[in-house]
Structures are given as C-alpha cells and as structure tokens.
Amino acid sequence: MRRRSIALSIWALAIVGSLVVGPAAPAGPERTSAGTIVFIHDQEPPSLRGSWIDNNLLATGLVTNNIWHGGQIYDNTATLQPRLFEAKPKLVKTSPQTVSFRYKASAVWSDGKPVTCADWKATWRVFVNPQFNVVSRAGYEDIRSVTCNGKAGTIVFRTPFAAWESLVSGGVYAAHVIRGKNMNQMFNDSIPVSSGPWKFQSWQKGVQLTLVKNPRFKVGPAMKLDRVVFRFILDTNARFQALKAGEGHVMEPQPQLQIADFLNDNDFKVQRSPEYAFEHIDIQLGPRGHPALKLPYVRQALITGTNRRQISSALYRTIAPGLPTLDSLVFKPFEKALYQRHFRKWGFSQSKVISILKGKGCTGGPDTPSVNNSDIFSCPGVGRLSFRFFTTTGNQLRTLTFEIIQRDLKSVGIELIPRFQTAGTLFGSTLPSSDWDLMMFTYAGGPDSKITSNTLYSCGGDQNYGNYCNPKASAAFNAATRELDPAKRNALLNRGDTQLAVDLPSIPLYVRPKWVISAANLSGPLLNTTSEGTPWNVATWQLK
Amino acid sequence: MLSYVVRRLLYSVVVLVAASFLVFTFVSVSGDPLAQLRITPNVSEQSKQNVIDRKHLDEPIPVRYWYWVKDAVMNQFGTTLLGDRPILPDLWRVMKNTLQLVLVAELLAVLIAVGIGVYSALRQYSVFDYAATTVSFLGLATPLFWLALMLQVLVVQIYEQTGHRIFPIASLNSVDAGSGIHFVLDRAHHLVLPVVVLMVASVASYSRYMRASMLEVINSDYVRTARAKGLPERRVTMKHAFRNALLPLVTLVALNFGTLLGGVIVTETVFSLDGMGLYFYNALLANDPYPVMAWLMVTATMIIVFNLIADIAYGYLDPRVRYD
C-alpha cells in the first residue's frame with residue numbers, strides 16, 4: 001500500500017512536471033517554420049464548399065477565395081482586378097445581355113489541368129440546380145446559355161443582370177472534380193485542387209486548417225510564404241490574448257474594445273476602414289406596427305430626436321475615432337463619387353422635435369427638452385408615442401446605442417420600450433412577422449449589394465419587412481437592377497435614396513468599421529473591406 | 001445486484017425519452033434556425049425550402065421529434081440541420097477531447113484533495129487546516145471564467161516581460177504538434193491552464209468532503225477500538241479510517257465525472273478547446289436542435305452510467321450496503 005502510494009505520487013509529480021517543463025516554450029508563434037504564418041480567426045468554416053446555405057461566412061471565404069480563385073478579385077479599393085482572366089470581361093451587347101471572358105493560358109489547377117470555360121459552365125450548373133443548397137442563385141438563374149471554346153466563354157442572359165461583372169468574375173469549381181457529384185456533400189473536409197495561390201493541406205477540426213503554397217499558380221505573384229495556418233479561437237478575449245502572446249500573426253477582429261490595446265503597441269500594426277455593413281433602425285409601416293409610425297411627422301420626429309453623430313462617436317471613440325454618421329441607405333461614405341448625404345437634412349435638434357409634434361396637435365409632452373422628462377406625447381388619432389424597440393440581446397454596442405436613443409427621445413416626450421431578443425428569435429420570428437415598431441440591426445453586404453436595394457425598399461420586396469411602399473422609390477430601385485450602365489444605375493439608386501430620405505422607412509446610423517491587426521514582423525497584409533478578406537494579397541506577405 | 005442494474009437501466013430509458021422530447025421541444029421553439037438567412041440579401045428560396053422539406057420543419061414538433069428519433073436510431077443521430085453534415089464523427093471527436101481534459105483534471109484533483117482532506121482532518125485546527133479551509137472556500141467562491149481569464153492575462157504578461165510563453169493561451173495543440181510522444185506532450189502542455197481551472201473547484205470541494213468524512217471516521221468507535229488494541233497510528237489511519245472515509249468521495253467523484261463528460265462549457269469556451277461543452281454551445285447558438293439532441297443523449301447516458309457506477313462502487317466498498 002505504502003509503496004503503491006509512493007509510486008502514484010511520483011507518477012503524479014512526473015506528469016505535472018512534464019506539463020510544465022516538457023514542451024519547450026518558444027518565444028514566437030508556436031514552433032512554426034520560417035515560412036509559416038498563423039491567421040487567428042473567430043469562426044471555423046462548416047465546410048469548404050463556398051457560399052452554401054449553412055456556410056455563408058466570411059470565415060469560409062477567407063480560406064476558399066484563394067482556392068476557388070476568381071477570374072477577377074476585389075483589391076483593397078473594392079475594385080475588380082483581373083486574376084485568372086486575361087482582361088476584364090466584356091459586355092458584348094445589351095440585348096440580350098451578352099458577356100464574354102477568357103482565362104489566361106497560364107491558369108491551371110493544382111493537379112495540372114487547365115482552368116477553362118468548362119469550369120465556369122459546371123459552376124453555373126451547380127448554382128442553378130434546385131437540389132443544391134447554394135445560398136444565392138441571383139444572376140445565375142438569369143443566364144440563358146454559356147458557350148465555351150476552351151479558355152474563352154460567352155454568357156447570354158435571359159434578363160438583364162446589373163451585377164454581371166462580379167458574377168462572371170467569381171471563383172469556379174473544377175469541372176473534372178465535381179462531375180456527377182452531390183455537391184451538398186462535397187468538400188466537407190478537404191479540397192483536392194486549387195486554382196489560387198494556396199492549396200489545401202490539412203484540417204484538424206476545431207483547431208486549425210493548413211494551406212500551403214500552390215506551386216502551379218502562375219497567373220499572379222507566387223506566395224513567398226510556405227504555409228498559412230488558420231487557427232480557430234472562438235473566445236474573443238482568448239483571441240486577443242493569443243495574438244499578444246505570439247500565438248498568431250494576424251487577425252480580423254470584430255469591433256471590440258480590446259483593439260485599443262494594440263493601437264499603441266509597436267509589436268503590432270492596426271489597420272482600420274469602414275466596411276459595407278451598416279447599422280440602422282427599421283421603422284414598421286405595416287398594420288402590426290404602431291399606427292403613429294405611419295405618420296411622416298412622427299418618423300421625422302424620431303430621426304430628428306436621435307443624436308446619430310453622438311452614437312457613432314460614443315461607441316467607437318477609442319477604437320475608431322471620427323467614424324462618420326451614415327447619411328444614405330444605399331451608398332457608403334467611402335464610395336466618394338457616389339455617396340450623397342440625403343439624410344443629412346435630419347440633423348439632431350430636440351427643440352425641433354417638440355415643435356414638430358406640437359405643430360401637429362400632439363399633447364402631453366414636455367415644453368422644453370429635459371433629461372428628467374417623463375411626459376410622453378399623444379398625437380391625434382394614434383395615441384401615445386410609445387414604441388417597442390427590438391434589437392439583439394448580448395451585444396454591448398447595441399445596448400449602448402439603445403440607451404443613447406432612449407434617453408434622447410425620452411427627453412422630448414417619445415418613449416422606447418426595450419425588447420431585446422436572441423438573434424435566432426429576432427431575425428427568425430419577429431422580423432418576418434412585422435409585429436414590431438422599431439428594429440435595430442446590421443445589413444451586411446458587398447460592393448454590389450446596393451444593386452439589389454429593391455429587395456429591401458421596393459413595394460413587396462423579399463426582405464421589405466418594414467412594409468414600406470412608395471411607387472417612386474420602387475420604380476427607381478427596380479430599374480436599377482436591370483440597368484447595365486453603371487452611371488445610369490447609380491443615378492437611379494441615388495434617386496431611390498432621395499425618396500427614402502423623404503419617407504424615412506429606416507434610419508441609417510453608421511457604417512461598421514473593420515480592422516486588421518498584424519504582427520510587426522509580418523509585412524504585406526492590407527485590409528480589404530470586401531468579402532475577399534485580408535488574404536486577398538497573400539502572395540506579398542512576408543515574414544521579416 | 002443484476003436485477004437492480006436492469007431495473008435502473010429501464011428507468012433510465014424512460015428518463016432519456018422524456019428528457020429528449022422536452023429538450024427537442026425547447027430548442028425547436030427557442031428560435032428559427034433559418035433566422036440569419038432572412039436578413040441575408042438574395043437568399044435562394046429553393047435552398048431554404050430544401051432544408052424545410054428535408055428536416056420536416058413545416059411539421060408540428062411531435063412529428064419532427066419522431067423523425068429525429070428514427071434518424072437517431074437508424075442513422076447514428078443523423079445530420080446537422082442546414083449543412084446536412086453527419087453528427088456522430090464530430091461528436092466522437094469532441095468527446096475524446098473532453099475526456100482527456102476531464103480525466104486529467106479529476107485525477108489530479110482527487111489526488112490533491114484527498115491529501116489535503118486527510119492531512120487537515122488529522123491536524124484539525126492546525127495552521128495547515130485553517131489555511132486549507134480558507135483556500136478551499138476561496139476556490140469554491142472563484143468564478144471559473146474569471147480565473148481562466150486571469151491565468152491567460154498572467155501568461156501574456158509573463159510573455160511580454162520575459163519573451164517566454166510558459167503555457168499556450170488557447171486551443172488543443174500547437175501548429176506543428178508532431179506525433180507520438182511529442183504530440184502527447186504538446187497536448188498536455190496546452191491542457192495545463194484548463195486543467196488548473198477545472199481542478200481549483202474540484203480540489204476545493206473534494207478536500208472539504210474528504211476532511212469532514214475523515215473527521216467523522218477517526219472519531220468513530222471502531223477506530224478508537226483499533227487504537228486501543230495497540231495498532232500503529234499509521235495503520236489505524238490508512239487501513240481502518242482512510243478506506244471508509246473515501247466512501248462519500250467516491251460517490252461524489254463518480255457523479256461529478258459523469259456530469260463533466262458532458263462538457264465544461266466555460267473552460268472549453270474561454271480556452272477554445274474543441275470539446276463537448278463548446279460543441280453544445282455552438283449548436284445552441286445556431287438553433288440547430290439535431291447536434292443539441294445528440295449531445296444531450298450522450299451526456300444523459302454518461303450521467304446515468306456514472307450514477308450507476310457510483311451506486312455499485314458504494315456497495316462494493318461498504319459491505320453494509322446491499323441492493324435488492
């Protein structure tokens with residue numbers, strides 16, 4: 001018994017000792033070779049298929065964009081640049097819309113087979129196959145035919161599709177790999193080929209995914225690195241700590257206060273830029289919303305009584321100082337040539353709110369704005385201005401935003417009642433039910449999302465959950481989806497946005513910033529606000 | 001004994017069925033798994049409909065539950081809701097990871113706690129006893145997530161001051177973990193912080209039980225008799241008192257172990273360990289009832305089995321306990 005106890009104790013000590021002393025603890029990313037960098041990310045792709053219904057994640061795109069490589073890719077100014085294509089695809093004629101493209105002679109798959117138009121055609125067939133659960137068929141289902149001649153292809157559309165360039169330029173599957181396969185079950189765990197700068201090597205689920213240089217990639221600069229390893233660390237704090245502790249080289253963090261710790265740290269480089277996602281408050285104009293919201297002057301009071309500038313500065317003062325207020329529901333401030341500040345006229349003025357409401361015969365509210373006010377206005381025929389405000393629970397920034405808006409509006413006699421729900425309930429049940437008054441959330445998107453603004457703001461639009469309907473706005477947004485001339489299309493979109501700024505079906509707040517933090521000893525990463533993600537220029541990345 | 005075991009297992013089946021139905025219902029009504037797709041522009045209605053048809057989402061919950069039962073029995077828990085991904089391989093993977101973590105943490109916790117508990121009891125009201133009591137209460141009162149975060153911050157501070165990363169912050173292994181003994185050592189190195197966090201609460205709790213149990217035994221008549229017979233103190237302590245004092249702890253550890261195998265959500269989340277707890281948490285966030293159900297069945301089975309083991313072990317260690 002005694003001997004056994006001693007032996008047990010020795011074993012226990014040996015285990016503990018080996019844990020501490022055994023594996024050497026190197027300074028620098030975890031025992032990696034010189035040409036390996038570690039990309040820390042907060043989500044793991046469910047599969048490597050691409051934009052599938054379970055898989056419409058940035059995390060998947062970060063990995064697959066450089067495998068299913070694009071004919072063109074978005075650079076860091078959100079401009080499409082030829083990659084596998086010889087040149088930009090051409091709009092041959094507008095009726096019927098016909099587009100031509102040609103892959104470079106040097107564009108080959110990692111198994112040596114050439115990338116051809118047949119790959120594009122096979123990809124198109126995947127996207128229009130109703131059995132396959134792709135996240136979106138937009139554009140693909142408008143195609144009448146694809147005619148191939150080796151590397152060259154001609155696409156004829158059935159109906160005009162404005163976002164044709166990004167559609168044609170997208171990454172394609174290898175026809176010889178997917179032929180006859182059930183795509184719903186393909187690429188769950190690996191990808192056998194690549195047309196991009198890196199190719200798949202291994203995936204330890206729940207831990208990391210490793211990509212290695214594709215030696216057959218000749219259409220652009222080859223990767224200087226040997227490997228890129230994506231490490232999946234789901235906990236926010238652990239992610240930042242791991243980067244600080246040298247367990248990784250680069251990450252794209254969500255808006256988190258921990259970013260501030262890196263701003264003045266010489267061991268790291270922080271890049272910031274607004275992205276295409278924007279925060280806004282939708283106003284319910286349907287029968288299940290508060291009747292007062294159907295009155296334009298009440299909506300004007302809401303936007304005038306909301307200090308939008310204070311919201312963006314209060315939320316992002318430390319990590320994104322100077323974040324501008326968003327004054328358009330269609331264009332973003334960084335789209336300088338297109339962005340028109342139609343909502344600018346709705347500046348913050350509490351006294352103006354009171355005069356608007358009193359001018360329309362509303363009673364019971366305060367005479368002057370006051371933070372201690374508890375009097376709420378009632379307006380003729382619609383009752384008290386007390387609204388149910390829905391947003392997601394567990395999001396610190398949204399909670400703070402709500403508190404600012406609630407305080408601002410209470411000061412002028414408008415009451416907001418918080419209704420915070422989980423994202424599943426909010427977007428799954430509440431939003432489509434239209435049984436809400438005000439709802440704050442983010443619309444994510446990309447450079448082409450504006451083209452389909454009709455789904456949000458046209459009468460009967462697929463995602464027009466606020467039930468806004470103005471024939472003038474609908475006409476402009478619907479026409480924009482069919483307009484192939486970018487200048488005319490942008491003018492139509494701005495015409496629609498002008499009408500939105502008059503009708504106020506939604507209050508734009510701010511464009512969400514995006515960050516990239518990289519170790520100082522890694523050169524090359526350039527923030528890309530499109531879905532290409534930071535690795536869009538991975539070929540230039542280099543460890544110093 | 002055999003009839004007792006069979007009877008317990010039969011009761012357990014009823015419990016499992018009832019629990020599975022309740023959990024399926026709660027998860028199904030708690031939110032829409034297609035929610036995110038509703039705010040994604042241009043989502044294919046056909047793709048959404050394919051999911052609805054495949055998983056019978058348009059059927060009432062009892063019907064959907066019946067389809068799940070069939071899938072679970074005939075198709076190894078079936079597939080995930082949106083991705084149609086087989087559930088069982090993922091579940092096996094995370095179970096193995098959790099088992100490694102929990103096994104090491106519990107083993108070390110029991111060894112340390114027994115030592116502390118016995119010594120505290122034998123030296124009641126000594127400085128060591130007071131110190132152990134204070135530290136135990138501190139351990140019981142410390143929130144695990146806070147402790148985990150503090151340990152991470154500490155390791156980062158040491159790294160920033162000295163350039164040495166004494167323990168990894170997160171994940172199960174290094175980028176190049178190697179194989180064989182190198183892999184084992186690397187995995188062990190990564191599990192140090194999570195094990196410490198898990199051990200703190202277990203050591204605190206087990207040592208209190210052990211101390212109380214040991215105190216009770218060493219003051220009992222038969223121990224006094226053994227001493228009166230002139231047996232050496234070490235023999236009285238180790239052979240007569242210690243074995244009996246272990247009884248309550250055996251039960252507690254067995255029950256606790258079964259529960260921990262279901263995953264240690266906080267520890268696994270903070271340290272990003274690909275285990276049962278994190279698997280469950282992610283499935284819940286995705287409103288996907290199918291992995292949640294698979295997790296539930298495995299966890300509930302573990303708890304039932306370890307309850308049974310505790311009962312049987314109790315009977316084995318204490319001949320006075322008999323099962324009819």
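Predicted model: local features only at pLDDT ≥ 70, side-chain atom pairs only at ≥ 80, totals over all residues.
In chain A, 10 strands make up an open sheet with mixed pairing. Read across, the order is β8-β9-β10-β1-β11-β18-β12-β17-β15-β16. The two edge strands are β8, residues 198–204, and β16, residues 415–421, and each of them pairs on one side only. As background, strands of a sheet pair through backbone hydrogen bonds, in either a parallel or an antiparallel sense.

Let me begin at the β8 end. Strands β8 and β9 of chain A run antiparallel and are joined by 6 bridges. A:Ser202 stands opposite A:Thr210 of β9, and A:Trp203 has A:Leu209 of β9 as its bridge partner. These two strands form a hairpin with 3 residues between them, and there A:Gly206 has a positive phi near 80°.

Moving one strand in, β9 spans residues 208–213 and is mostly covered, with 5 of its 6 residues buried. On to the next pairing: β9 and β10 of chain A, the latter being residues 227–232, are antiparallel and share 5 bridges. In that pairing, A:Leu211 is set opposite A:Val228 of β10.

Further along the order we come to β11 and β18 of chain A. Strand β11 covers residues 250–251, and β18 covers residues 506–519. They pair in the antiparallel sense over 2 bridges. The residue facing A:Val250 is A:Ser518 in β18.

What packs on the sheet at β15, β16 and β17 of chain A? That is helix α12, residues 423–433 of chain A, which touches those three strands. The direction of α12 makes about 130° with that of β15.

Now the backbone. Most residues other than glycine have a negative phi, and most peptide bonds are trans. Here are some exceptions.

One sits in the loop between α12 and β17 of chain A, at A:Ser434. Phi of A:Ser434 is near 60°, which is positive although the residue is not glycine. Is A:Ser434 buried or exposed? Its relative accessibility is 11%, so A:Ser434 counts as buried.

Another is in chain B. B:Tyr125 lies in the loop between α5, residues 87–122, and α6, residues 127–141. Phi of B:Tyr125 is near 65°, again a positive value in a residue other than glycine. B:Tyr125 counts as exposed because its relative accessibility is 55%.

Back in chain A, there is a cis peptide bond from A:Ser95 to A:Pro96, with omega near -5°. A:Pro96 is found in the loop between β4, residues 90–94, and β5, residues 97–102, of chain A.

The last item is on the surface of chain B. Which residues form a nonpolar patch there? They are B:Phe145, B:Trp146, B:Met150 and B:Val266, and together they have about 380 Å² of accessible area. Helix α7 of chain B, residues 144–162, gives the most to the patch, with 3 residues. B:Phe145 is in that helix.

Conventions
Residues numbered from 1 in each chain as written. Chains lettered and ligands numbered in written order. Heavy atoms only, no water. Pairing = 2+ DSSP bridges. Helix = DSSP H or I, 4+ residues; strand = E, 2+ residues; numbered from the N terminus. Contact = heavy atoms within 4.5 Å. Axes fitted to C-alpha atoms, helices over the stretch in contact; angles between N-to-C directions. Buried < 20%, exposed > 50% of the residue type's maximum accessible area, 1.4 Å probe, protein only. Patch = residues over 30% accessible without salt bridge, like charges linked within 9 Å, V, L, I, M, F, W, Y side chains within 5 Å. Areas by Shrake-Rupley, 256 points an atom, 1.4 Å probe, with all protein chains shown as cover. Salt bridge = Lys/Arg side-chain N within 4 Å of Asp/Glu carboxyl O.
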